[in-house]
Amino acid sequence: MSGMMMRKTLVTLILAGCYLSGFPAMAGEMPVTEPAAVDESLLLPPSLEEQAAVSPAATTGMAAPDNGIPPTPAATSISQSKAATVNILQELNRRAQAGDAACQFQLGYLYANGKGFRQDDREAVHWYRQSALNGYPDGLIAMAEAFDLGRGVNKNPIAAYALAKAAVTAKPEAAEVANQLKAKLSADELARAGTLTVQDALKIR
């Protein structure tokens, strides 16, 4: 399977799972019951995008400058949307720094795809790795993709397979990815992958 097809399969499996029930004034007191699938056409993963639709005036505490000229509805909407997005990204970063594995994965996704931040594969891998170290299955799959494609890290098909295989327990659909990566390995490489722990695989740069 080509790298592009593999990436499409992996992206399909990856879910945006950073629950936002703790976002002050942005969660609308409505608990998120399940993660939404990532849609690369959006600026942000859906779980964040939905929060940006809530009026940001309550989240930013900023009033429009009084210059005597009333802003147009379009200008007000754009300004509020940007303010809400910045607020959300700051909160996402705070939670990722605090060790939230789902938010670490989402932050990696945003860096990998240049959504909300400048595109940066190495920064994406940093957050994917942290998420995977915390046992988050989508972080493991994302790191498997990184090792398979050599994005932000040196190509390593053995580590790619070991990480995808490790994700299967918590995310059974990852078995398809693991099998595709397994098919690329020789018998000797499969034996080496069998002795590689998740922690050891994630230490590879």
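Reader: To start, what relative accessible area does F117 have?
Author: The value for F117 is 23%, which makes this residue partly exposed. Buried means under 20% relative accessible area, exposed means over 50%, and partly exposed is in between, with a 1.4 Å probe and protein chains only.

Reader: What sort of model is this, and how are residues numbered?
Author: The model is predicted: local features need pLDDT of at least 70 and side-chain atom pairs count only at pLDDT 80 or more, while totals for chains, interfaces and linings use all residues. Residues are numbered from 1 along each chain as its sequence is written, and side-chain values use heavy atoms, with hydrogens and water left out.

Reader: How many helices and strands are there?
Author: The protein has 11 helices and two strands. Both are DSSP runs numbered from the N terminus: helices are H or I with at least four residues, and strands are E with at least two. Starting at the N terminus, the order of elements is α-β-β-α-α-α-α-α-α-α-α-α-α.

Reader: What share of the residues is buried?
Author: Of the 205 residues, 43% count as buried.

Reader: Now to the rings. How many aromatic pairs are there?
Author: There are three aromatic pairs. One of them joins F105 and Y136; this pair is tilted, with 5.9 Å centre to centre and 45° between the planes. The pair ties together parts that are 31 residues apart in sequence, because F105 lies in helix α5 (residues 101-113) and Y136 in the loop between α6 (121-133) and α7 (137-149). Rings of Phe, Tyr and Trp (its six-membered ring) pair if their centres lie within 6.5 Å; planes under 30 degrees apart count as stacked, over 60 as edge-to-face and the rest as tilted.

Reader: Are F105 and Y136 buried or exposed?
Author: F105 is buried at 0% relative accessibility, and Y136 is buried as well, at 16%.

Reader: What about Y111 and F117?
Author: Y111 and F117 form a stacked pair, 4.5 Å centre to centre with 20° between the planes. Y111 is buried, with a relative accessible area of 15%.

Reader: Which residues form a ring cluster?
Author: Ring pairs link F105, Y128 and Y136 into a cluster.

Reader: Changing topic, how do α7 and α8 pack?
Author: Helix α7 packs with helix α8 (residues 157-167) at an angle of about 160°, and their axes are 8 Å apart. The two are therefore roughly antiparallel. Axes are lines fitted to C-alpha atoms, for helices over the stretch in contact, and angles run from 0 to 180 degrees between N-to-C directions. Angles under 35 degrees count as roughly parallel, over 145 as roughly antiparallel, 65 to 115 as roughly perpendicular and the rest as oblique.

Reader: Which residues of α7 and α8 meet?
Author: Among them are L140, M143 and F147 in α7, and A160, L163 and A167 in α8. Contact means heavy atoms within 4.5 Å.

Reader: How enclosed is α8?
Author: Eight of its 11 residues are buried, so α8 is largely enclosed by the rest of the structure. The cover over its buried residues includes α7, α9 (174-182), α10 (187-194) and α11 (198-203).

Reader: At what angle do α8 and α10 pack?
Author: The angle is about 50°, with the axes 9 Å apart. That makes α8 oblique to α10. I158, Y161 and A162 of α8 make the contact with E189, L190, R192 and A193 of α10.
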